[in-house]
Amino acid sequence: MFNKSFNSSILYKQNPLIMKILFASTLFVILLWSCASEGDQTEKTSTPASDPVEKNETIESSNENENILSTIKMGMTEAQVKEILGEPTKVEAMQSDKETVIEDWWFGDNTKIRMMNKTVNRVTKDVGKETEIFKKIIEAKKNKDEAEVQRLMEELTND
């Protein structure tokens, strides 16, 4: 389904606005899909080792949160993420089709990393804020306020 050698940075450099819109649209579809298939999701938990627990406990409360999470990049492997952040506090596994495995790795209650086929697909530093933006986008779409939808999509992709 996905070409593993595809380099999205080339597309981004050629037309960053299209890439941001594509990224935001993908997030919106994933959010809708995850809400619609909530009953299909299975949850597994992991028990972190002692050193990563210290990292997990401080990731949300520390001012270093931005610095630590900014080192996580699209396409990083599970091992690379675990080396930086330690084990996730919770893992929600979802299966979208036979070839694609999606997992949400939670680090505390408000930070998550979406893994797709064992690589980073999305870093959400503030899940609560993102959820509120999605709700506002849905409301703006209902009101046919395309300017507000565009503004919110830009806000979503700038975080």
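Colleague: What is the relative accessible area of E148?
Modeller: E148 has a relative accessible area of 25%, so it is partly exposed, where buried means under 20% relative accessible area, exposed means over 50% and partly exposed lies in between, using a 1.4 Å probe and protein chains only. This is a predicted model, in which local features need pLDDT of at least 70 and side-chain atom pairs count only at pLDDT 80 or more, while totals for chains, interfaces and linings use all residues. Residues are numbered from 1 along each chain as its sequence is written, and side-chain values use heavy atoms, with hydrogens and water left out.

Colleague: Which residue does E148 form a salt bridge with?
Modeller: Its partner is R151, with the closest N and O atoms 2.8 Å apart; a salt bridge here is a side-chain nitrogen of Lys or Arg within 4 Å of a carboxyl oxygen of Asp or Glu.

Colleague: Switching to α5, which of its residues are buried?
Modeller: In helix α5 (residues 78–85) the buried residues are E78, V81 and L85. Seen down the helix axis they fall within an arc of 65°, so they line one face of α5, the arc being that of the directions from the axis to the C-beta atoms. A79 and E83 are exposed on the other side of α5, and the helix is followed by G86, which has a positive phi near 85°.

Colleague: How many residues are in the largest nonpolar core?
Modeller: It has 12 residues, including V81 and L85 as well as I113 and M115, where a nonpolar core is a set of buried Ala, Val, Leu, Ile, Met, Phe, Trp, Tyr and Cys residues joined through side-chain atoms within 4.5 Å. The elements giving two or more residues to this core are α5, β4 (112–116) and β5 (119–124). There is also a second, separate core of eight residues, which includes A140, V149, L152 and L156.

Colleague: Why is β4 described as largely enclosed?
Modeller: Five of the five residues of β4 are buried, so the strand is largely enclosed by the rest of the structure. K112, R114 and M116 cover one side and I113 and M115 the other.

Colleague: Which strands are joined to β4 by bridges?
Modeller: Strand β3 (residues 100–106) is joined to β4 by five bridges and runs antiparallel to it, and five bridges likewise join β4 to β5, again antiparallel; strands count as paired if DSSP finds at least two bridges between them. K112 stands opposite W106 and opposite T124 in β5.

Colleague: What sits in the turns of the two hairpins?
Modeller: The β3–β4 hairpin has five residues between its strands, and G108 in that turn has a positive phi of about 85°. The β4–β5 hairpin has two residues between its strands, and N117 in the turn has a positive phi of about 50°.

Terms used. Helix = DSSP H or I, 4+ residues; strand = E, 2+ residues; numbered from the N terminus.
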